[in-house]
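Follow the helix packing through this model, then turn to one of its pockets.

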Amino acid sequence: MLSALWAQIIDLSLFVVLLRFTTPILLSALGGLIADVAGVINIGLEGLMLISAFSAIAVGSVTDSWVLGVVAGVASSMLVCYGMGFFSLKLKVDMIITGFAVNIFGSGVTIFLMNKIFGVTGNYSPSAVHNIPVVRIPVIDTIPVLGKVLSGHSLMTWIAFLSVLICVFILYKTPYGVHLRSVGEAPQAAKSLGISVNRIQFSALAWSGFFTGLAGAYLSMGMTSMFVKDMTAGTGFLALAVVLLGNRNPIGILFGSLIFGLASAIATVVQTIPGSKVPSQFIQMIPYLVTIAALVFFAIRKKKKLNDALRAQSERSPNAAVA
């Protein structure tokens with residue numbers, strides 16, 4: 001089994017699978033990041049991805065256009081995020097409860113609509129649908145190693161990596177990013193400076209819906225050409241873990257997504273190796289074991305930072321007393 005896995009690493013097959021799994025995790029985690037930075041933790045990523053995945057494949061199959069499908073997926077996700085904002089920011093419903101409600105709603109409403117619109121229950125697989133295109137770079141595509149690394153990946157994969165740079169620019173290079181971070185860290189202080197806290201948080205949820213909508217559309221029109229009941233399979237929760245592991249930084253989110261994408265890729269590749277004696281149930285656990293390990297690492301790192309801060313404060317106190 002190890003030799004077969006090593007062979008797939010050598011011929012870069014594992015790398016290709018890694019990018020396929022990293023794309024939805026990265027996009028969804030970026031959406032969770034912007035909401036988290038603004039102080040509105042969006043734990044409804046799983047439900048949002050389901051809603052956008054179904055909307056994308058439904059509209060894409062009817063209109064025969066992958067662009068309209070992606071637009072529909074993004075629009076539906078952003079609409080639900082505005083609804084979350086209405087309940088949590090206007091009606092003061094706890095954001096955690098709102099997020100759980102969206103996860104449950106996303107699972108139920110997609111099955112209901114799939115049955116009512118297309119007359120199926122388990123999955124909807126249209127006979128003809130235009131998927132999100134694959135980008136093949138001329139000349140580079142023919143180079144043995146470089147061609148497999150840079151060419152032949154979905155357009156949404158390139159959008160996901162570009163989104164990391166966009167988020168860096170938004171958060172650290174614009175006044176809007178300063179407002180986002182100030183609202184998340186000290187909302188009352190931001191309000192005293194004339195910043196509309198609700199408006200900023202609504203916009204953060206909209207950005208969260210935008211990126212998560214791209215992730216959901218990719219699931220149904222990039223990785224596959226269908227919608228399957230609960231097809232996210234915990235991807236939204238993996239993205240939440242990545243937000244914590246990435247230390248609320250887009251570059252950290254990128255590396256965290258690659259780690260989780262690698263775990264999912266290894267689980268998938270191992271399942272396809274002939275003669276593998278590893279139980280399939282254990283293989284399917286790999287991404288979630290990585291999630292638990294990442295959260296433990298995050299908790300230890302957070303505790304260490306807190307202890308360092310307390311130690312620094314105690315060291316300053318005697319000096320202050322002497323002064």
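Contact here means heavy atoms within 4.5 Å. The model is a predicted one.

Start with helix 3 and helix 4. On the helix 3 side, the contact with helix 4 uses Leu 48, Ile 51, Ser 52, Ser 55, Ala 56, Val 59, Gly 60 and Thr 63. Helix 4 answers with Leu 68, Gly 69, Ala 72, Gly 73, Ser 76, Ser 77, Val 80 and Cys 81. By class, this contact of helix 3 with helix 4 holds eight nonpolar and eight polar residues, and no charged ones. Helix 4 spans residues 66-90, and its axis comes within 7 Å of that of helix 3. The two axes cross at roughly 145°. Helix 3 passes helix 4 in a right-handed crossing.

Now look at helix 3 against helix 10. Helix 3 covers residues 45-63 and helix 10 covers residues 197-223. Their axes come within 7 Å and cross at roughly 55°. Helix 3 is therefore oblique to helix 10. The crossing of helix 3 with helix 10 is right-handed. From helix 3, the contact takes Leu 45, Leu 48, Met 49, Ser 52, Ala 53, Ala 56, Ile 57 and Gly 60. From helix 10 come Ser 208, Thr 212, Gly 213, Ala 215, Gly 216, Ala 217, Leu 219, Ser 220 and Met 221. The contact of helix 3 with helix 10 counts 10 nonpolar and seven polar residues, with no charged residue.

Helix 10 has another partner, helix 7, which runs over residues 155-173. Helix 7 and helix 10 pack at about 170°, with their axes 11 Å apart. An angle over 145 degrees counts as roughly antiparallel, so helix 7 and helix 10 are roughly antiparallel to each other. Their crossing is left-handed. Helix 7 brings Met 156, Thr 157, Ile 159, Ser 163, Cys 167 and Ile 170 to the contact. Helix 10 brings Trp 207, Phe 211, Leu 214 and Tyr 218. The contact of helix 7 with helix 10 divides into eight nonpolar, two polar and no charged residues.

Turn next to the second largest pocket. Its volume is about 250 Å³. Which residues line the second largest pocket? They are Asp 36, Val 243, Leu 244, Asn 247, Arg 248, Phe 298, Arg 301, Lys 302, Lys 305 and Leu 306. Helix 11 (235-245) and helix 13 (280-322) are the elements that give two or more residues to this lining. Helix 13 gives the most, with five residues. The lining has four nonpolar, one polar and five charged residues.

Key. Residues are numbered from 1 along each chain as its sequence is written. This is a predicted model: local features need pLDDT of at least 70, side-chain atom pairs count only at pLDDT 80 or more; totals for chains, interfaces and linings use all residues. Side-chain values use heavy atoms; hydrogens and water are left out. Axes are lines fitted to C-alpha atoms, for helices over the stretch in contact, and angles run from 0 to 180 degrees between N-to-C directions. Helices (H or I, at least four residues) and strands (E, at least two) are DSSP runs, numbered from the N terminus. Angles under 35 degrees count as roughly parallel, over 145 as roughly antiparallel, 65 to 115 as roughly perpendicular and the rest as oblique. A crossing is left-handed if the near helix is turned anticlockwise from the far one by less than a right angle, and right-handed if clockwise. Ala, Val, Leu, Ile, Met, Phe, Trp, Tyr, Cys and Pro count as nonpolar, Asp, Glu, Lys and Arg as charged, and the others, Gly among them, as polar. On a 1 Å grid over the protein atoms alone, a cavity is a set of points where a 1.4 Å probe fits but cannot get out, and a pocket is an open set with protein on both sides within 12 Å along at least five of seven lines; lining residues have an atom within 4 Å of a point. Grid points are joined across faces, edges and corners, and a volume is the space filled by probe spheres set on the points.
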